[in-house]
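Good morning, and thank you for making time for this item.

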Amino acid sequence: MASGSTEFRKKVIFLVTAYVVVVSLLAFILIPLYMPYTLAAWFIVALGGVFALVRWLAHNTVYVCPNCGHRFRISAFRYAISPHMWEKKLLRCPKCGKRGWCRVLYAGKISSER
């Protein structure tokens, strides 16, 4: 594994942990107040955090087609709905058109067309 990939994983774990802590603290503080706007505010923060995290992950990852080796990025919507495993995602390659378990790469130093 490359060092960049390890650093990316650490950053993802940190962001997910920070998100869970913030949403949990807000739930602990806001929800027991039993005011309609506090539950709505908590729900907006929780959903907004999920959308922001998915968008950031989609922007910072590149996928490699197992069939032709083409590197490509996907939209945040496709990132959210595509089946995935730890380091692979089931996607259709835009170049060869074949579906396969594409390997995930850190996009920090990789330039790829969208």
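How many bridges join β3 to strand β4, and do the two run parallel or antiparallel? There are 5 bridges between β3 and β4 (residues 99-106), and the two strands run antiparallel. Strands here, like helices, are DSSP runs numbered from the N terminus, with at least two residues of E for a strand and at least four of H or I for a helix.

The model is predicted, so local features need pLDDT of at least 70 and side-chain atom pairs count only at pLDDT 80 or more, while totals for chains, interfaces and linings use all residues. Residues are numbered from 1 along each chain as its sequence is written, and side-chain values use heavy atoms, with hydrogens and water left out.

Now the overall layout. The chain has 3 helices and 4 strands, and from the N terminus these elements follow the order α-α-β-β-α-β-β. The 4 strands form an open sheet in the order β2-β1-β4-β3, with antiparallel pairing; two strands count as paired if DSSP finds at least two bridges between them. At the edges lie β2 (71-72) and β3, each of which pairs on one side only. Strand β1 (residues 61-64) is joined to β2 by 2 bridges, and within this pair tyrosine 63 has phenylalanine 72 as its bridge partner.

Let me return to β3, residues 88-92. Its covered face carries Lys89 and Leu91, whereas Lys88, Leu90 and Arg92 make up the uncovered one. Leucine 91 has glycine 100 of β4 as its bridge partner. Leaving aside residues up to four places away in sequence, leucine 91 touches Tyr63, Phe72, Ile74 and Cys102, among others; contact means heavy atoms within 4.5 Å. In the hairpin of β3 and β4, 6 residues separate the strands, and glycine 97 takes a positive phi near 80°.

Which residues touch the most other members of the largest nonpolar core? They are Leu57, Tyr63, Phe72, Ile74, Tyr79, Leu91 and Cys102, out of 14 residues in that core. Helices α1 and α2 (36-59) each supply at least two core residues, and α2 gives the largest share, 4 residues. Such a core is a set of buried Ala, Val, Leu, Ile, Met, Phe, Trp, Tyr and Cys residues joined through side-chain atoms within 4.5 Å. Buried means under 20% relative accessible area, exposed over 50%, and partly exposed in between, with a 1.4 Å probe and protein chains only. Of the 114 residues of the chain, 28% count as buried.

Proline 66 sits in the loop between β1 and β2. Because its relative accessibility is 48%, proline 66 counts as partly exposed. Proline 66 touches Gly100, Trp101 and Cys102, again not counting residues up to four places away in sequence.

Finally, helix α1 (residues 3-30) contains phenylalanine 28. Phenylalanine 28 counts as exposed because its relative accessibility is 68%.
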